[in-house]
There are 2 protein chains.
Amino acid sequence: MSEDRLSSEVYAQAVDRLRRLVASPSVAADGRAIPETAEAVAGILREDGFDPVLHDTGGAPVVHARHEVPGAPTLLLYNHYDVQPEDPVEAWDSPPFELTERDGALYGRGAADDKGELVSRLAAFRTFRERHGALPFGVAFLIEGEEEIGSPHLPEYVRTHRDALRADGCLWEFGGVDASERPVSFAGMKGIVTVELHVRTADRDLHSSFGSVADDAAWRMSAAVASLRDADGTVAIEGFRDGIEAPDAALLAHVDALPDEEVELARTFGIERWQGGLAGAAWKRALYLEPTLNVNGIHAGYGGEGAKTVLPCEATAKLDLRLVPGQDPVAVRDAIRRHLDRHGFQDVRVIPLQHAEPAARSDLSDPFFAHAVRALEETYGVPPALQPNSPGSGPAHPFVHDLGVPIVGIGCGYPGSRIHGPNEHLRTRDLHRGTLATVRFLELWSGVRT
Amino acid sequence: MSEDRLSSEVYAQAVDRLRRLVASPSVAADGRAIPETAEAVAGILREDGFDPVLHDTGGAPVVHARHEVPGAPTLLLYNHYDVQPEDPVEAWDSPPFELTERDGALYGRGAADDKGELVSRLAAFRTFRERHGALPFGVAFLIEGEEEIGSPHLPEYVRTHRDALRADGCLWEFGGVDASERPVSFAGMKGIVTVELHVRTADRDLHSSFGSVADDAAWRMSAAVASLRDADGTVAIEGFRDGIEAPDAALLAHVDALPDEEVELARTFGIERWQGGLAGAAWKRALYLEPTLNVNGIHAGYGGEGAKTVLPCEATAKLDLRLVPGQDPVAVRDAIRRHLDRHGFQDVRVIPLQHAEPAARSDLSDPFFAHAVRALEETYGVPPALQPNSPGSGPAHPFVHDLGVPIVGIGCGYPGSRIHGPNEHLRTRDLHRGTLATVRFLELWSGVRT
C-alpha cells in the first residue's frame with residue numbers, strides 16, 4: 001500500500017481550483033454560466049502547461065487540449081464541467097455554489113460530479129511530474145458541458161474530432177469506492193433512453209360519477225405503463241431485446257466473481273426483498289448485464305388528504321430504459337410507440353426526453369484493466385470490483401466504438417456523495433485516495449519504474 | 001307553466017338566510033364551525049314555526065324537527081349544513097364565506113351545496129302557506145353535518161330514530177336542470193366506496209441504475225391499479241359484481257327513454273370519444289346502471305421538467321368505486337384486498353377512506369314520482385329527465401331501505417354551479433324555479449286544489 005495523502009501543496013491547489021469551479025454555476029439544464037465555466041477550465045489547464053482550445057459543438061463548447069509525446073501512447077480523459085440544477089436550494093446546508101468544508105468533506109454543486117474529478121486528474125499529473133519529471137505519455141482532454149442533459153452533441157463531436165482525440169485508452173469521468181469502502185472500477189456504461197408519456201381524455205377534470213362512461217386518464221396511464229412490463233417485471237415491449245449480444249462464458253464468470261453486495265445494499269436502502277427475490281450471481285448478472293424499464297414518476301389527479309371523487313383528464317409518466325450493448329436507443333423508443341399502438345394506447349403520446357445513448361463495454365482482457373486493478377489494489381489495500389460496465393449510463397459508446405479505446409473508471413466518489421441532490425460533496429479522503437490511485441495507474445500504464 | 005318568480009319578500013328572506021348560513025364556515029373535513037352552524041339552522045327553522053332539536057350522532061349533530069298533521073302524510077326532507085373545504089382559496093373571485101351576488105348568481109361555499117337548497121325548501125313552505133294557509137301535511141327534517149365526509153354516522157342515526165323520521169316520501173337534498181336547462185330528477189343514488197392504495201419498496205428513492213434489481217414503486221402501483229380493470233375498462237375484481245340485481249325490462253325501458261345527452265356533454269367536456277365508444281342507450285345504461293372503479297389520482301416519483309433517473313420508493317393511488325343496488329361497499333373493499341393478494345400485490349396496502357355507502361333506488365312506479373314529473377314539467381315547460389338513480393352517490397340507502405320511503409330530487413342546481421370547487425354559486429333564476437317546482441310538487445303530492 002502506497003502513502004495515502006497528497007502533498008499539502010498539491011491538495012491545497014486542488015481545493016482552490018475546485019472552489020473556483022464550484023463558484024461558477026454551470027447548470028446545463030438552463031445554460032447558466034456555461035461559456036465562463038469553459039473559460040475557467042481552460043485557464044486551469046493553461047496554468048498546468050496545456051494548450052486548451054474551446055471547440056464549438058452546436059451546444060456548450062468542449063474544452064479540448066492535446067499534449068503529444070512522440071512515440072508514446074496517449075491517454076484520453078473524459079470529464080464534464082456542467083452540473084445538475086441546485087434545486088431544492090433550501091435543502092442545502094451551505095450555499096450550493098460556494099465550496100464549504102465541513103466534517104471531512106467539501107460541499108458544493110459539482111464538488112463530486114464532476115468538477116472534483118477534474119481537479120483530481122490534474123493533481124494526479126502534478127504529483128506524477130513531481131515524482132518522475134515530464135509526462136512520458138501523451139494526454140488528450142475532452143471536457144464537455146452537456147453531460148447532465150444527455151450529451152446531445154457528444155457523439156457527433158467525437159466523430160468529427162476523431163484525429164484530435166486518438167488515444168490508447170480513456171480515463172472515464174468518475175470512479176471511487178462502494179458502500180463497503182472497496183474500490184470500484186468499470187469498463188463500460190449502460191445505455192439509456194428517456195421518454196415522457198402523456199395522455200389527455202377530456203379538456204377538464206370530471207366528477208367521477210361520469211366514470212362509467214368517460215375515460216379516466218389516471219387509469220389509462222396506469223394501464224399503459226403496466227403493459228410495458230410483465231407481471232415479473234420483465235420488459236414486455238416487442239423488439240426491446242433486439243440486437244443484444246448474449247454475454248459469453250468469460251463475461252458471466254467475471255460478473256459472478258464480483259463481490260456480493262446485495263445484503264449490505266438491501267440494509268442501506270431499507271429493501272426487504274430484491275426484485276423477484278434476486279440474490280447472489282443472479283443479482284449481479286441482473287444489475288450489470290440486464291436491460292430494464294424504470295418508471296421514474298407517474299402523476300395524475302388528486303394526491304392530497306382523504307378522498308376526492310374526481311376523474312382526472314390528464315396523466316403523465318416518465319420512463320428511463322437502461323440498455324445493454326447491442327440495443328439501439330432510437331429503435332427502443334420506436335418500439336415503445338409500436339407497443340402502445342398494438343395494445344390499444346394510441347392516445348398515449350411518447351415524448352422523447354434528453355437521453356438516447358447506446359451502451360458500450362470495453363474488452364476486459366485489455367492490459368489497461370490489469371493496470372487499473374493493480375493501481376486500485378495497491379492504493380486501497382483491497383482488490384477492486386471491476387465491473388464490466390457501470391449499471392449507470394453515460395456517453396461511452398462513441399469512445400469505445402468510434403475511437404476504439406477502452407474506458408476505465410477511477411476516481412474520488414462514494415455512494416453517499418449525493419450527486420444530483422442537495423448537499424453534494426466530495427470526501428477529502430476520497431480526493432486523496434482517488435488521486436493517488438490515478439497516479440499509480442499512470443505509473444503502471446506508462447511503465448515508469450517506481 | 002306557472003309564474004316563474006318567487007314573491008320579493010320570500011326571495012329576500014331566502015337570500016338573507018343563505019347569507020347567514022354561508023358566513024358560517026361549516027367545513028366537515030376539519031370540523032370547523034359545526035355546532036354554530038347547526039344552531040343557526042335550528043334558529044331559522046324556529047323562525048318558521050318548527051320546533052327543532054339537535055340530535056347527537058357521535059359526530060356532527062343532526063338538526064331534526066317534526067311537524068305532525070294527524071291523519072295526513074308526512075314529507076321527510078334530507079339536507080346537510082356542512083360544506084367542502086374552500087381550498088384553493090386564492091382561486092375564488094370573492095371571499096368563500098361571504099355571499100356575493102354578481103351576474104345573476106349568488107357566490108359562496110355552500111351557496112349551492114347544500115345551504116341554498118335548504119333555504120329553498122323553507123321558501124317553498126312559506127309560499128305554500130301564503131297560497132293555501134297552514135300546511136295540510138306533516139314535515140320531518142333531517143339536516144346532517146357530515147355529508148361531505150361520507151355521512152359516517154347517518155345510517156346508524158336513521159336506524160335509531162326510525163320513529164321520528166317515519167314518512168311517506170323524502171325530498172332529497174338537491175335537484176335542478178341539466179346542461180340543456182332541462183329539469184332533472186332522480187329516484188335513488190349510486191353507492192360509493194373510497195380507498196387509498198399505498199406501496200413502499202425501499203426507505204429512500206434509489207438511482208434508477210438499480211432498476212434491474214430493485215422494485216420500482218411507481219411501476220408496482222401502476223401494475224396494481226391496472227390489474228383492477230380489464231383492457232376494455234371493465235372492473236376485473238373477483239366478486240365485485242356479487243349481489244347486483246339485473247335491471248328488469250321496465251327499468252331498462254325507462255333508462256333508454258331518457259333524453260340523449262352524450263353528444264352535448266362530449267362537446268362541453270372536450271371528450272372526443274366516450275369510453276369504449278359508448279353512445280345512445282348503451283351510454284345511458286352505463287351511466288345509470290353500471291358500477292365502476294375510478295382512479296382519482298396516482299402519484300409517485302418525479303413529475304417536473306425533463307428526465308430524472310430516479311427509482312421512486314413510494315407510490316399512492318386513490319380509488320372510488322361507484323356501486324349499484326345490491327353491492328355491499330365493505331365486501332367490495334375486502335374484494336380489492338383479495339384481488340391484490342391473488343395478483344401478487346401483497347405489498348400494496350389498502351387504506352379505507354371516508355366513503356362506504358350502498359346504492360339505493362326507489363320504485364319508479366310510486367305515485368310520488370308522477371307528482372314530481374308533473375311539477376317539474378309545469379314549472380319548466382319541458383318534461384324532466386327522471387333518472388332511476390343519480391350517477392352520483394349519496395346516503396340514500398338507509399332512507400329507502402330502513403325507513404322504506406321513496407326519495408326524489410328536486411332543487412336549484414345546474415351543472416355549472418362549481419360545487420366543491422372555487423366560485424361555487426347558485427343562479428338566482430334556479431333559486432326561483434327550483435323553489436317554485438318544489439311548491440308545485442307539494443301541491444300535487446298533498447292534493448291541494450290549485
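Let's start where the two chains join strands: strand 12 (residues 292-301) of chain A pairs with strand 12 of chain B, running antiparallel over 5 bridges. Strands here are DSSP runs of E at least two residues long, helices are runs of H or I of at least four residues, and both are numbered from the N terminus. Two strands count as paired if DSSP finds at least two bridges between them. Look across this pairing and you'll find Ala300(A) opposite Ile298(B), which sits in strand 12 of chain B.

A quick word on what you're looking at: this is a predicted model, where local features need pLDDT of at least 70, side-chain atom pairs count only at pLDDT 80 or more, and totals for chains, interfaces and linings use all residues. Residues are numbered from 1 along each chain as its sequence is written, while chains are lettered from A and ligands numbered from 1 in the order in which they are written.

Now widen the view to the whole interface. On chain B, 61 residues are in contact with 61 residues of chain A; being in contact means that the C-beta atoms, placed from the backbone, lie within 7 Å. Several elements of chain B supply at least two residues each to this side, including helix 5 (217-226), helix 8 (280-289) and strand 14 (314-323). Strand 12 of chain B, the one we began with, gives the most, with 9 residues. Sorted by class, the side of chain B that touches chain A has 29 nonpolar, 22 polar and 10 charged residues. For that count, Ala, Val, Leu, Ile, Met, Phe, Trp, Tyr, Cys and Pro are nonpolar, Asp, Glu, Lys and Arg are charged, and the others, Gly among them, are polar.

How do the two copies relate to each other?

Next, step inside chain A to strand 3 (residues 74-80). Because 6 of its 7 residues are buried, strand 3 of chain A is largely enclosed by the rest of the structure. A residue is buried if 20 or more other C-beta atoms lie within 10 Å of its own, exposed if 12 or fewer, and partly exposed in between, with C-beta atoms placed from the backbone. Strand 3 of chain A runs parallel to strand 6 (residues 138-144) of chain A, joined by 7 bridges, and there Leu77(A) stands opposite Phe141(A). Strand 3 of chain A also pairs in the parallel sense with strand 7 (residues 169-171) of chain A over 3 bridges, where Leu76(A) has Cys170(A) as its bridge partner.

Most residues other than glycine have a negative phi, and most peptide bonds are trans. The bond from Asp87(B) to Pro88(B), though, is cis, with omega near -10 degrees, and Pro88(B) lies in the loop between strand 3 and strand 4 (100-102) of chain B. Another cis bond runs from Asp113(B) to Asp114(B), with omega near 15 degrees. As for phi, Arg418(B) has a positive value near 55 degrees, and Asn423(B) a positive one of about 60 degrees. Arg418(B) is partly exposed, with 14 C-beta neighbours inside 10 Å.

Notes: Contact = placed C-beta atoms within 7 Å.
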